[in-house]
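Please look over the sequence and the structure below before reading on. The briefing that follows is grouped by topic.

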Amino acid sequence: MDSFYLRDGIRFDAAGLIVVVVQDHATQRVLMVAYMTEATLKQTLETRLMTYWSRSRSSVWVKGETSGNYQEVRDVYIDCDGDALLFSVVQRGRGACHTGHLSCFFRQLKQPD
């Protein structure tokens, strides 16, 4: 089997990761998508601060640790298949995106005419 189950049916992939969608608690706007390991999920639930696994740096990443743009957890939801999580957060600071935008989803894909 390529994945394992954590309590409540959370399913990590073969690399030990789970997709995380982060949404603003007040507006419900999607702020970003990232990944967590079992350890960063546990840390997030304990501290109530979003803590991710950086695939590019292969390290733990507490959102806001260097930028001051923290994300405080309000609610957590598991999708129907157990292979993705949705976090409702209060975004502190300028925003979620490393570019300085509130959301990482600030570019609209243009449809051809």
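**Cysteines and overall fold**

Cysteine 104 has a relative accessibility of 31% and therefore counts as partly exposed, where buried means under 20% relative accessible area, exposed over 50%, and partly exposed in between, with a 1.4 Å probe and protein chains only. This is a predicted model, in which local features need pLDDT of at least 70, side-chain atom pairs count only at pLDDT 80 or more, and totals for chains, interfaces and linings use all residues. Residues are numbered from 1 along each chain as its sequence is written, and side-chain values use heavy atoms, with hydrogens and water left out.

**Cysteines**

- The closest cysteine sulfur to that of cysteine 104 belongs to cysteine 97, and at 3.8 Å it is too far for a bond.
- A disulfide is taken here as a pair of cysteine sulfur atoms within 2.5 Å, and by this rule the count is zero disulfides.
- In general, a disulfide is a covalent bond between the sulfur atoms of two cysteines.
- Cysteine 80 counts as exposed because its relative accessibility is 76%.

**Overall fold**

- The protein has one helix and eight strands, where helices (H or I, at least four residues) and strands (E, at least two) are DSSP runs numbered from the N terminus.
- Along the sequence, these elements come in the pattern β-β-β-β-α-β-β-β-β.
- Taken along the principal axes, a box of roughly 45 × 40 × 30 Å holds the C-alpha atoms of the protein.
- Of the 113 residues, 36% count as buried.
- Contact means heavy atoms within 4.5 Å; among contacts between residues at least 6 apart in sequence, 41% join residues at least 24 apart.

**Surface and charge**

- The protein has an accessible surface of about 7200 Å², and carbon and sulfur atoms account for 50% of this; the areas come from the Shrake-Rupley method with a 1.4 Å probe, and for residues only the protein chains shown count as cover.
- There are 13 positive and 13 negative charges, and their mean positions are 8 Å apart.
- Lys and Arg count as positive and Asp and Glu as negative, while His and the chain ends are not counted; a charge is placed at NZ of Lys, CZ of Arg, CG of Asp or CD of Glu.

**Buried strand residues**

- Glutamine 23 is found in strand β3, residues 18-24, and it is buried, with a relative accessible area of 16%.
- Leaving aside neighbours within four places in sequence, the contacts of glutamine 23 are Gln28, Arg29, Val30, Leu31, Leu86, Phe87, Ser88 and Val89.
- Glutamine 23 and valine 73 are 50 residues apart along the chain, and their C-alpha atoms are separated by 9.9 Å.
- Valine 73 belongs to strand β7 and is buried, at a relative accessible area of 3%.
- With neighbours within four places in sequence set aside, valine 73 is in contact with Thr44, Arg48, Leu49, Met50, Phe87, Ser88 and Val89.
- From valine 73 to methionine 32 the C-alpha distance is 14 Å, and 41 residues separate the two in sequence.

**Loop residues**

- Glutamine 28 is placed in the loop between β3 and β4 (30-36) and is exposed, with a relative accessible area of 57%.
- The phi of glutamine 28 is near 65 degrees, a positive value in a residue other than glycine.
- Arginine 48 lies in the loop between α1 (38-47) and β5 (51-54), and it is partly exposed, with a relative accessible area of 36%.
- Arginine 48 is not a glycine either, yet it has a positive phi of about 65 degrees.
- Most residues other than glycine have a negative phi.
- Glycine 68 sits in the loop between β6 (59-62) and β7 (71-78) and is partly exposed, with a relative accessible area of 34%.
- Leaving aside neighbours within four places in sequence, glycine 68 is in contact with Arg92 and Gly93.
- Glycine 68 and alanine 96 are 28 residues apart in sequence, with 10 Å between their C-alpha atoms.
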